Amino acid sequence: MSKVKELFGNDGKIRQRLDGVDLRQNAIFIALVVLVAYFAITTPNHASITPDNWSNLVVQNGYILVLAIGMVMIIIAGHIDLSVGSVACFIGAVAGILAVRPLEQDGWDWLPALPWWAAILGAIIVGGIVGMWQGFWVAYIGIPAFIVTLAGMLLFRGLALMTLQNTNIGPFPDNYRAIGNGFVDKENTLGVSLGIEDYNAAALIVTALGVLALLWQSVAMRRGRIKYKQSVEPRTWFFVKNAILAVMVGYVGIQLSRANGIPWTLVLLTFLVVVYTMIMKKTTFGRHIYAIGGNLHAAVLSGINVRRVNFWLFVNMGALAALSGVLISARMNSAVPKAGDGFELDAISSVFIGGAAVQGGVGTVTGSIVGGMIQGVLGNGMNLNSVGIDFQMTIKGLVLLLAVAFDVWSKRRTK
Amino acid sequence: MSENILEMQSITKTFPGVKALVDVSLSVERGEIHAICGENGAGKSTLMKVLSGIYPHGSYEGSIIFEGQELNLKNIRDSEHLGIVIIHQELALSPYLSIAENIFLNNEIKSKGLIDWNKTNLEAQKLMAKVGLEEDPNTPVNRIGVGKQQLVEIAKAVSKKVKLLILDEPTAALNDADSEHLLDLLRQFKSQGITCIIISHKLNEIASIADKTTIIRDGHVIETLQMHGVALDQERIIKGMVGREMNNRYPSHESKIGAEVFRIENWKVHHPDDISRVVVDNANLHVNAGEIVGLAGIMGAGRTELARSVFGHSWGARISGQVFVNGKLANVKNVRAAIDSGIAYSTEDRKRFGLNLIDDIKRNISLASLEKFVKRGLVSDNEEYRVASQYRDSMNIKAPSPNSIVGKLSGGNQQKVVLSQWINVNPEILILDEPTRGIDVGAKYEIYTIIQELAAKGKAILVISSELPELIGICDRIYAIAEGVITGEVAKKDFSPELLMQYMTKAKEESNV
C-alpha cells in the first residue's frame, strides 16, 4: 500500500515543516492502523483482513482517492470543488459513448466505438475541458469556487443525464473494465510457471520492488539532508520506522498475492500518489499552490501568477474527476445517471480528515489518501459487521467532526 | 493623590520552555500615564495579557491588586467589568458595522429585549464627542481612517466605564496628526482621573506624555523612571531596553554614489475604487547606484500607492508614465515582469502582504526567486535550506533553524526574512516600505546596517518611512510627497525635520504653482 509508505516516507519532512502537523500526521496514520486492527478482531471470521477484502478495499475506494488527490490541491489553494461527483458521472457517460457507442443513441451513431485506451484518453481530455470551464470562472472572473462548483454540480449532472438519455450505457470492453476491476496477471501464469500456485508471483515481485523503492527513497532523502547538514531523525528511530513500514507494505502485498494479485486500480493510485506528491513538494507549481493558500497577498507580491495557478488547478481537478469517472464506470461496467452521487463530500471529508486546513495553505496528498482510507476501512468494516446504513452515516459524520476538532485542538496546543 | 490604583506583585509567567515574565512588579498611581517599553519579545504584551485576564488567574504566579482588592480574573470580561480595558494593536472592530454598533457591541442598549437604536445612536454621539470623533454614528467603520477607528475603540472603552485604559502600540499605524490627537486625548483622560498604561516603541511620544516609564527586558523589570527632560530620558530608556549604550541609533556610512539605476517619469495613478481620484500625480524621481533615497510623506500621501503601482501595477488603476531601470524602459505590467526588470518591493505590512506565516523561513525566502532553486525540473529543498542558513547567519535572524515557522518569529526577525526574500531576487532597485515598522530599537539598527551594506554593494535603495529621524539618519537624499505630488527633493546637507515637514504638508495648490 503505497499511500502508507508515502505518508511515512515524508513524515520526517512534515515534522520539519509544520510543528503542529507532525503529531497530526502520525495520529491519523495510527488511527488507520488501530481501525484496521479493531475490525480485524471484531468482524466475523476476521473477514476484514482476508486477502479478498484487502483487494476489495482498494478497488472500492480507488475512485474516491483519485478525487481526494485533486481535491486536496484545490483546498490547499483555499478553494473547494463541489462538482466532482457530477463531473465523474458526466465523464463516465462520455466515456461510455466513446468506448461503447450505444446503438440507441440517435445522433451519436456517426461516431465509431474507439479502442479502450483512446476512450479513456478522450474522457480525460473532456474532463480537462470541464476544468477549464470552472477554472475560467474562478480564476479569471473571480467568482468564488464554492458558487462556481455548486453551479457545476447541477450543470454537469444535467449534462450527464442528457448524454445518457435516461438509460445506462454498457457493457464496456474488457480492457476498459480492467482498470476498475482487473488485476495484474490475474491468472498467475508467472506463478504457475514458477511452481507457486498459491501466491500471485507478479504481486510478490511488485511488492518486493515497492518495498525496496520505499527504503531506497528514505535512505536517499536522509543522506541528502545529512549532506546539507539538516537535522535528521535519530538513527534507531529511522530504522525502526522504516522496518515497520516495510513489514506493513509487505504484509498487504502478500495478502493481495493470495487473492487475485495487485489490482490495476492500485497500480494507478500508486503512480498518482508518487507523481502528485512530487508535484506538490518539489515543483514550482506545487509550491505556488501552498503559497497562495498560505497568504494570497504575499503570493501576488512575490510575482506568482495566481490566476494561472488557480486555472490549472481546476483543469487538473477536472482531469482527475474524469479519471475517477472512468474508474466508476469500469467497475460498474456501465455508465449510469446516479454515478458519483455525493462523492464530492467523501473526497472533501478525506482531505480534511487527512489534515488539510479549512483556511487553506496546509495539507498533503498522502494525508488525504490516509483520510480516504480511514473512511473506506470504516465503511467496509461496518458493512462486514452488518451495521445499518443509518448508524454508518452517523459514525462517519462524527469521525469527520472529531478529526477536524483534533486538528484544531493540536494546533492550539502548540501555540 | 499618590494612591496606587494597580499593584502587580512578583508576576512570573512561564510558557513551555520559556520564562516570559520573571518576578515582575509594577505599581501604577491613579490618574497617571504609565508607559511600558521594551524590545519586542521583552514581555510587555504578556504582562498586559495577565493584567486583562487573557491569561487567567492561576496560569501565572504572583498577585494583582486593583483598587485595593486582589484580582481573580477568569477572562477578559471579568477585567472589563472592573474597568480595565485593553486596546490591542490590531483593532478589534467589525468593519461593516457602524460606529455606533461597534461601540455598543456586546453591550447593546436594549428596551424590552430589543435594541433601542435611537438611544444607541444618541449615546454613541455623546461618547464620540468625548473622544473628539466627528462622524455620523451610522458610518460603517471601514469607511473611516485608522486614526478614527482607534478613537472608536477608545469610545468603546469609555462606554464600559473605564478606569484603567491599556493601549498597546496605539500610534503605530497613525500619522502624526492623528497621533497628536490621541495623545491629547490621553492627557484629557488623565485630567478626568482615568489611568492609562501605554505600550509604545516611539520614545519621543513616551517622553512627551508619560509620567513614569517602566522598562522591561527579557521578562525582567529593569527600572521605572520618573520622567524629566526629553533627550536624557530617551537615551536612558534605549539603554535600559537594549542593555547597552546606543549613542548612535543610525550606523554611520559613506555612500559611493554611481550611475542612475532607477527613474520614474510622469507617473500617474488613479484610485481603483474611485477612478476620478488621482492618488499619485505626475511623479518624477530617480535613484542612483549605491544611493539610499528616502520618500517621506504622511500616511495617505500616496507613498505606498506610488511604490505598489510601480511594482507590477499591484495597486491602482489607469496607471500611466514610464519606469526606467539602468536607462532601459522597464515592463512593470505585472509583478513577475517588474521583478524580472530588476525591481523589488518589500511591503509595509509584512504579516498581511509579505509573508506566508504558516510556512517556514526557507520557503518564505525562496518564494520570489523559486526558479533559482530548481534542479532538473524539481525544487531542491536542500538547496533552499542551504541558502536560508546563509541568510540566517548573515542577517542574524534569530531562529532555531531555517525550518522554523515564520509566524512564530518576532517582528524584527520577520522583517529580516522579508528582506532576505528580496535580496535573494538580486534586484537592481530595492523599494523598502516602512522597513522598521513595529520592530524594536536593536533590530532597527540591524536593518539599517543591512540597508547600508546593500547600498555599498551598488544597489539602488528607495526607503519609504513615516519616521523622519529614520530617513534623516540613513538616507543620502529625500523626496517629500504630499497628496500624491512630489513636493520637494532635499539633499543630505540640507536635511532638517522642519524643512521636510514643510514639504510633506504642502497643499496641492501651492506645490503646483
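Which domains does the domain assignment give chain A? Domain 1 covers 2-182 + 281-380, and domain 2 covers 183-262. Such bounds come from an automatic or database domain assignment. The centres of these domains of chain A, taken over C-alpha atoms, are 25 Å apart.

This is a predicted model: local features need pLDDT of at least 70, side-chain atom pairs count only at pLDDT 80 or more, and totals for chains, interfaces and linings use all residues. Residues are numbered from 1 along each chain as its sequence is written, while chains are lettered from A and ligands numbered from 1 in the order in which they are written.

Stay with chain A and look at two helices. Helices (H or I, at least four residues) and strands (E, at least two) are DSSP runs, numbered from the N terminus. The axes of helix α5 (residues 84-100) of chain A and helix α6 (residues 116-141) of chain A come within 9 Å and cross at roughly 145°. Axes here are lines fitted to C-alpha atoms over the stretch in contact, with angles from 0 to 180 degrees between N-to-C directions. Residues are in contact if their C-beta atoms, placed from the backbone, lie within 7 Å. From α5(A), the contact includes A:V87, A:I91 and A:L98. From α6(A), it includes A:W116, A:I120 and A:V126. By class, this contact has 12 nonpolar, two polar and no charged residues. Ala, Val, Leu, Ile, Met, Phe, Trp, Tyr, Cys and Pro count as nonpolar, Asp, Glu, Lys and Arg as charged, and the others, Gly among them, as polar.

Now turn to where the chains meet. Chain A brings 26 residues to the contact and chain B brings 28 residues. On the side of chain A, α13(A) gives the largest share, five residues. That side has eight nonpolar, 13 polar and five charged residues.

Chain B is divided into domain 1 (4-242), domain 2 (248-342 + 427-513) and domain 3 (355-426). Between domain 1 and domain 2 of chain B, the contact takes 10 residues from each. Helix α8 (residues 230-242) of chain B gives the most to the domain 1 side, with three residues.

End with a strand. In a regular strand the side chains alternate between the two faces of the sheet. B:I84 and B:I86 point one way from strand β6 (residues 84-87) of chain B, and B:V85 and B:I87 the other way. All are buried, with 20 or more other C-beta atoms within 10 Å of their own, each placed from the backbone. β6(B) pairs with strand β9 (residues 164-168) of chain B in the parallel sense, over four bridges. Pairing needs at least two DSSP bridges between the strands.

How values were computed. Two residues are in contact if their C-beta atoms, placed from the backbone, lie within 7 Å. A residue is buried if 20 or more other C-beta atoms lie within 10 Å of its own, exposed if 12 or fewer, and partly exposed in between; C-beta atoms are placed from the backbone.
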